[in-house]
Amino acid sequence: MMNRVFLGWEEPVLAHSAKWLLSNFEDLSEVRVVVRGSRAGRRLLEKMAVEADRQKRPLFLPKIATIARIVDELFTAPSGLLPAAPELTQKLAWMEALCRLPQEKKSKLFQSPEGVGRNGQPELLLAQRLLTLRNELGGEGLSFAEVAQVMSRKLPEASEIEPERWELLEEVFGEVRNILGKAGWMDPADRRAVLAEKGNPQQVQVVLAGVVEIRPVFMKMLQRLSHPPQVLVFAPESEKEGFDEVGRLRPEFWAKRKAGLESGQIHAVVRSADQAARLAEMAKSWPGATLAVADEKAVAGIREALREEGMESHWA
């Protein structure tokens with residue numbers, strides 16, 4: 001059972017996380033803090049250093065990382081379990097497996113002539129796409145074959161070739177497994193599934209700081225830990241029904257909540273450039289404002305639009 005800690009929403013997440021960690025642990029060296037992204041991890045470390053200096057106390061640093069980087073370190077692997085293959089190794093294995101496909105099967109995957117260079121290398125592009133897709137499915141505990149079954153059962157109107165294509169991808173992935181295994185590596189999602197079932201949990205304390213999305217395989221691993229994870233929820237306890245056991249939002253609860261936005265506070269735009277221009281125009285009347293951006297990719301365009309309007313900014 002995980003322990004939820006409701007910290008309210010009066011303070012910024014990272015600053016409040018730093019204070020809570022320092023207040024609840026004298027020695028953080030055996031603590032593993034899970035954050036949403038690597039940038040959040042760096043900022044949390046900075047906040048902890050500043051707060052520790054303010055309190056005039058020593059700081060024994062915790063390990064701070066995203067859940068995908070931390071969970072693999074939470075278990076001692078069973079004897080003989082191969083290490084997780086690095087991303088480049090996985091991509092090369094996918095390329096090799098695609099190149100080994102007979103031409104009649106390959107034609108079912110390559111529906112359009114895309115590639116790199118004059119002669120085209122479709123395996124190069126498709127390998128990266130399939131690696132990304134495999135990581136997504138693996139995190140959800142699904143296989144290509146299971147997707148094919150779902151499509152056949154729930155999407156009968158789909159083209160007949162679609163389920164067949166997914167089944168072919170399962171065959172290709174089988175070859176990827178063989179290639180990785182012969183080289184002394186293992187697919188990371190396969191390895192996590194084994195760790196979740198047979199791994200020996202280490203004696204560490206895990207703290208989830210503002211994490212709002214956790215895949216099923218990671219949930220299974222967290223539930224097997226010797227020490228129940230501490231889940232920091234940045235909302236008052238009066239809103240506890242709106243969060244599940246690991247702090248994720250319950251959509252059905254929040255769907256009933258009014259946003260509180262008045263007419264004229266929502267601005268419809270078409271492109272990211274339009275969004276940046278509109279925001280820069282509005283920011284003229286907001287000196288010293290903090291702008292919350294949902295997509296990191298939009299930051300550069302927004303900063304450029306602000307600069308064109310004579311406003312300097314920094315990415316906090």
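# Chat about a predicted model

Me: Where does Ser 143 sit?

Reply: Ser 143 is in the loop between H6 and helix H7 (144-154). Keep in mind that this is a predicted model.

Me: Is Ser 143 buried or exposed there?

Reply: Ser 143 counts as buried because its relative accessibility is 18%, and the cut-off for buried is under 20%.

Me: What does Ser 143 touch, skipping residues up to four places away in sequence?

Reply: Leu 137 and Glu 170.

Me: OK, on to the cores. Which residues touch the most other members in the largest nonpolar core?

Reply: That core has 29 residues, and the ones touching the most other members are Leu 74, Leu 208, Ile 214 and Leu 222.

Me: And which elements give two or more residues to this core?

Reply: There are helices and strands on that list: helix H3 (67-70), helix H9 (188-198), helix H10 (216-223), strand E6 (205-209) and strand E7 (230-233). H10 gives the most, with five residues.

Me: What is Leu 74 in contact with, leaving aside neighbours within four places in sequence?

Reply: Its contacts are Arg 32, Asn 200, Pro 201, Gln 202, Val 204, Val 206, Leu 222 and Leu 225. Leu 222 is also one of the residues that touch the most other core members.

Me: What about a second core, which residues does that include?

Reply: The second core is separate and has 24 residues, among them Leu 109, Val 172, Phe 173 and Val 176.

Me: Why would nonpolar side chains end up together?

Reply: As a general matter, nonpolar side chains tend to be buried together in soluble globular proteins.

Me: Now the surface. Which residues form a nonpolar patch there?

Reply: Trp 286, Leu 291 and Val 293 do, and together they have about 220 Å² of accessible area. Val 293 lies in the loop between helix H12 (272-283) and helix H13 (299-308). With a relative accessibility of 34%, Val 293 counts as partly exposed.

Me: Since you brought up H13, which of its residues are buried?

Reply: Val 299, Ile 302, Ala 305 and Leu 306 are buried in H13. Looking down the helix axis, the buried residues of H13 fall within an arc of 130°, so they line one face.

Me: What do those buried residues pack against, and which residues are exposed on the other side?

Reply: The buried residues of H13 pack against H12. On the other side of H13, Ala 300 and Glu 308 are exposed.

Me: What follows H13?

Reply: Gly 310 does, with a positive phi near 85°.

Me: Which residue has a positive phi although it is not a glycine?

Reply: Lys 56 does, at about 55°. Lys 56 is in the loop between helix H2 (38-55) and strand E3 (63-66), and at 71% relative accessibility Lys 56 counts as exposed.

Me: Switching to charges: how many salt bridges does the structure hold?

Reply: The structure holds 18 salt bridges. One of them joins Glu 96 and Arg 100, with the closest N and O atoms 2.9 Å apart. Glu 96 counts as partly exposed at 34% relative accessibility, and Arg 100 counts as partly exposed at 46%.

Me: Which salt bridge does Arg 215 make?

Reply: Arg 215 meets Glu 136 in a salt bridge, at 2.9 Å from N to O. This pair links distant parts of the chain, 79 residues apart: Arg 215 is in the loop between E6 and H10, and Glu 136 is in helix H6 (residues 122-139). Arg 215 is partly exposed, with a relative accessible area of 22%, and Glu 136 counts as partly exposed at 42% relative accessibility.

Me: And Arg 177, what does its side chain meet in a salt bridge?

Reply: Asp 190, at 2.6 Å from N to O. Arg 177 is in helix H8 (residues 161-182) and Asp 190 is in helix H9, 13 residues apart.

Me: Is Asp 190 buried or exposed?

Reply: Asp 190 is buried, with a relative accessible area of 16%.

Me: Which residues do salt bridges that share partners join into one network?

Reply: Arg 134, Arg 177, Asp 187 and Asp 190.

How values were computed
Residues are numbered from 1 along each chain as its sequence is written. This is a predicted model: local features need pLDDT of at least 70, side-chain atom pairs count only at pLDDT 80 or more; totals for chains, interfaces and linings use all residues. Side-chain values use heavy atoms; hydrogens and water are left out. A nonpolar core is a set of buried Ala, Val, Leu, Ile, Met, Phe, Trp, Tyr and Cys residues joined through side-chain atoms within 4.5 Å. Buried means under 20% relative accessible area, exposed over 50%, partly exposed in between (1.4 Å probe, protein chains only). Helices (H or I, at least four residues) and strands (E, at least two) are DSSP runs, numbered from the N terminus. Contact means heavy atoms within 4.5 Å. Patches are made of residues with over 30% relative accessible area and no salt bridge: like charges are joined within 9 Å, nonpolar side chains (Val, Leu, Ile, Met, Phe, Trp, Tyr) within 5 Å. Accessible areas come from the Shrake-Rupley method with a 1.4 Å probe; for residues, only the protein chains shown count as cover. A salt bridge is a side-chain nitrogen of Lys or Arg within 4 Å of a carboxyl oxygen of Asp or Glu. The arc is that of the directions from the helix axis to the C-beta atoms.
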